[in-house]
Amino acid sequence: MATEMDSVYTRIEREVAARADRLWDVSLALHGEPETAYEEHRAARLLADELEHAGFSVERGAAGLPTAFVARTGAAAVATEGPRVALLMEYDALPELGHACGHNLIAAAGLGAALAARAALGDADGTLLAVGTPAEERGGGKVAEVAAGLFDGVDAALMFHPGVYDWSWAPLTASAQVRIGFHGRAAHPTGNPTEGIDALGALIQLFNTLGVLDRRLPAGSHVQGIVTDGGRATNIVPEYAEGLFGLRGATASALADLVAELRSCAQGVALATGTKAEVAEVAARYEHFRDNDVLSGLFAGHLEKAGIRLSEPEAGVYLGSSDIGNVSTRVPAIHPFVAIMGSDGSDHTPEFARAAAGPRGREVMLAAAYALACTAADVLLRQDVPERAWDRHREKAAAGQ
C-alpha cells in the first residue's frame, strides 16, 4: 500500500506543478479584484468555471447563497457509498484592505488540490467535493452550508490558511455578535433634568461593568464592544443608546456562558438605572475549531515534503474565530496555518495583503495545494484513515474539546 500511495503522491505533485502558473493567475485575479462578504460574484464564477472546465459537475448558488457553490467529480455526482472529502475554498476580502487575510491563496490552493486530486485519482471510489464558502469574514457562509446539509456524510473537510506562523492546527475560538440597546426617557439636561432617564449613561455603565468582568474571564474568553448609537445632541438626555459587542470563548460552551453573563449584566444595569435593556444576537455564532489530528498530521507530513515544517500552536495564543468551526464540530476537519510572512507581522494589515500576492504567497499556495490533495487521497484510498479520523473526532466531542 505504501508503494501504491507513493505513486499517487508523485502523480499529484506532477499535476500541481503542471497547473502552477494557472493557479497563480487565479490567485492574482482574486487579489486584484477583491470582493467582500456575499458580494464575491466574480470570484465564485471564476472558481466554478475552472472546476466545470475540468469535468466537475457544479452546483452554483448552493445552500441558498448566490456566491456559494459545490463541485463534484463526475463519478461522485451519483456516488452514494465510499468516503467523501470536501476541499474548502474561501474568497471574500476585507473592506478597504482587500485580501489582507490571504483568502485568494486559500481559494487557489483548494482549487489546485481539487484539480490535481481529480486528475491523479480518476474516478476513484468515493466522492470528491470542491466547496466554495463565501463570507467567512462577516456572516458565515459555512454556517448556512452546514445548516443546509452540505457537509452531511463528509468524512474530511480540508483547507489551509496563510498566516504568520507555521502551525499544524488553528486555535480558533467560538464567537458571537450581540447588540444591546437601552431605552430611557428624553429630557432637557438643565430645563427638566429630573425627568430624564439617560440611556447613554446606562450603556456606559455596562462598559464599566464589563471591564470588571473581563478580569475574571477564563483564557480564550473576552468581550469587545463599540458604541453604535449614543444620542443625537448634547442638549438632550439620550432616550436610546446602543452598543455592539463581540464575544469570544475558547469553546462553544464557554461562549454560551459568556453570552448569558453579558445578558445578565445588561439587565442588572437596566434595573440600576431605570432603563429597559434589549439584548439580541445579530449574526450566526461561530463555533470553536476542533482539530482532527489524524488528518492534520497527514497534512503536515505531506507539507514537510514540500519543505515546510509545521509545529504545534503556542499554548495560550488564540488567533480569532472562523466559521470553519461550525464544520469541524460536525465532521473531521483541518485548518493549519502556513506562514507567508514573519511572526512579527499580522494579518488584516496592508503588509499581509501585499504578501498574499508575493513570491512567498505563491510558494505556500502551491505547497498547500499539494498537501491538501495528498491528504484527500489518503482519505479516499486508505480505508483506515476515515475510520481513525472519525474515532478521534468522537473522542474530542465526548471530552468537550
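Predicted model: local features only at pLDDT ≥ 70, side-chain atom pairs only at ≥ 80, totals over all residues.
Residues are numbered from 1 along each chain as its sequence is written, and side-chain values use heavy atoms, without hydrogens and water.

**Exercise 1.** Find the residues closest to the centre of the largest pocket.

Solution. 
- Take the term. On a 1 Å grid over the protein atoms alone, a pocket is an open set of points where a 1.4 Å probe fits, with protein on both sides within 12 Å along at least five of seven lines; lining residues have an atom within 4 Å of a point.
- Take the volume: about 880 Å³, counted as the space filled by probe spheres set on the points.
- Go to the centre. Among the 36 lining residues, Glu136, Glu137, Arg248, Ser321 and His348 are closest to it.
- Sort the lining: 15 nonpolar, 15 polar and six charged residues. Ala, Val, Leu, Ile, Met, Phe, Trp, Tyr, Cys and Pro count as nonpolar, Asp, Glu, Lys and Arg as charged, and the others, Gly among them, as polar.

**Exercise 2.** Which helix gives the most to the lining of the second largest pocket?

Solution. 
- The volume is about 400 Å³.
- Trp169, Ala170, Pro171, Phe289 and Asp291 are closest to the centre, out of 27 lining residues.
- Helix 8 (residues 293-305) gives the most, with four residues. Helices are DSSP runs (H or I, at least four residues), numbered from the N terminus.

**Exercise 3.** How are helix 2 and helix 3 oriented to each other?

Solution. 
- Read the geometry. Helix 2 (residues 20-32) and helix 3 (residues 41-53) pack at about 165 degrees, with axes 10 Å apart. Axes are lines fitted to C-alpha atoms over the stretch in contact, and angles run from 0 to 180 degrees between N-to-C directions.
- Apply the cut-off. Angles over 145 degrees count as roughly antiparallel, so helix 2 and helix 3 are roughly antiparallel.
- List the contact (heavy atoms within 4.5 Å). Arg22, Val26, Ala29 and Leu30 of helix 2 meet Ala43, Leu46, Leu47 and Glu50 of helix 3.
- Sort that contact: six nonpolar, no polar and two charged residues.

**Exercise 4.** Classify the angle between helix 1 and helix 4.

Solution. 
- The axes of helix 1 (residues 2-18) and helix 4 (residues 103-121) come within 8 Å and cross at roughly 130 degrees.
- Angles under 35 degrees are roughly parallel, over 145 roughly antiparallel, 65 to 115 roughly perpendicular, and the rest oblique. Helix 1 and helix 4 are therefore oblique.

Conventions:
Helix = DSSP H or I, 4+ residues; strand = E, 2+ residues; numbered from the N terminus.
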